[in-house]
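Take a look at the cavities first, then at one helix pair.

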Amino acid sequence: MDAMALDHISDLAAFVSASPSSFHAAGEVARRLDAAGFTQQPEDERFVLEPGGGYVVRDGAIVAWHAPSGVDAAHSGFRIVGAHTDSPALKLKPQPTASAFGWQQVAVEVYGGPLLNQWLDRELGVAGRVVTRSGEQVLVRTPAWLRVPQPAPHLDRSVNEALKLDKQAHLKPVVSVGRPDLDLLQLIAEEADLDAADVASHDLYCYPTEAPAVFGQAGEFFASSRLDNLSSVHAGLVALLDAEAGDDITVLACFDHEEVGSSSRSGAAGPLLEEVLRRLAGALGVDADGWHRLLARSSCISADAGHAVHPNYPQLHDPDHRPVLNGGPLLKHNANLRYTSDATSSALWRRACAEAGVPTQDFVSNNAVPCGSTIGPMTAERLGIVMCDVGIPLLSMHSTRELAGVQDPAWLAGALTAYYAGA
């Protein structure tokens, strides 16, 4: 692997480690933007668009932009990269402390569509936000406190033939034993330096505490949690900060709640991106017709991780399109518009890859296997702009330990940088 790819993967590992929840991911993006000279734009204040960078944070989502010195309402457009900050997880219920047979446990709900067996026998922490009675939001993360233990094969001889997990009965992590007075929320409040009586509510998730790692005989593999889709958030951020300014306003939109349908105030089906773009256009002095002219000059690349061909399950993949790790980022196609790529937007993506010297691979689902979707179709529906769907290939998607190639994330960042720069 080349030095640039290794530097990128090291930084991606640090980014994932700093982002155990969507709220932490948005906060880490904001921290890096601040370091690069961007300015946070409060939503309840008038938007100002001057040369340079700004951003809005809404819950676990963040939208950032950079305006070139020559931004011109008559000729500029938006170049947008979209991604999402959330991943499948176990979310703590409002009253999470539970007890059974001398054990202290944690009551959880299943968020999204995780590989449930991958949450077994892992050391888990708790991360997310707590909200005080005054409305203050405080981010919190704990060390490895939890584990979901599974029964030994001596007790269940069928466990290796047909593992079936009851989401209510079998996924309650243990947090302690012999401590009937334990109050998990109190412990979490203490971890956040808060008085437990001052905590009004929370959005808290279990997260795997094992660190990301490069491995393999040639060091070609990268294993980590939350590569779907922090690999794209990180690549988009790197590209936004690295791209040379062109004529267009470059935008990075990192949404929350993609894994559960995006229908929230911080999700791609909600108004966040359109509101930010409209307010930026208003700061440029654009009228109603000018807004539509601005969109006609705009485009968006929806970046979300996709599937590499699985060597043990080749029948699940299209026989004519079998992308591999370290073969380049995917361009995703679907005739039923689960992905937005069409001839026009595919050409846009291929130009960016060619400009960056990056290979790309086509992904199409097997006709007999249901196809997933992304934030792309929702964004296209709201804005009506040219869109395509891309992302790095993975194995074990939605596992707590997803598998990527070391080279692909850097290539994705390179192609997005070229796109931002005007390719």
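Strand 10 (residues 199-208) gives the largest share of the lining of the largest cavity, four residues. Strands here are DSSP runs of E of at least two residues, helices are runs of H or I of at least four, and both are numbered from the N terminus. This is a predicted model: local features need pLDDT of at least 70, side-chain atom pairs count only at pLDDT 80 or more, and totals for chains, interfaces and linings use all residues. Residues are numbered from 1 along each chain as its sequence is written, and side-chain values use heavy atoms, without hydrogens and water.

A cavity is a set of points, on a 1 Å grid over the protein atoms alone, where a 1.4 Å probe fits but cannot get out; lining residues have an atom within 4 Å of a point. The structure holds two cavities of 30 Å³ or more. The largest has a volume of about 200 Å³. Its lining counts 22 residues, with Ser87, Pro88, Ala89, Trp119 and Arg226 nearest the centre.

The second largest cavity holds about 40 Å³ of space. Among its lining residues are Phe255, Leu273 and Arg382. Helix 5 (272-283) and helix 8 (376-383) each give two or more residues to this lining. Helix 8 has the largest share, three residues.

Now the helix pair. The axes (lines fitted to C-alpha atoms over the stretch in contact, with angles from 0 to 180 degrees between N-to-C directions) of helix 4 (residues 227-242) and helix 9 (residues 408-420) come within 8 Å and cross at roughly 45°. The crossing of helix 4 with helix 9 is made by residues including Ala235 and Leu416, in contact (heavy atoms within 4.5 Å).

Notes:
1 Å grid on protein atoms, 1.4 Å probe; cavity = no way out; pocket = protein on both sides within 12 Å on 5 of 7 lines; lining within 4 Å. Points joined across faces, edges and corners; volume = space filled by probe spheres on them.
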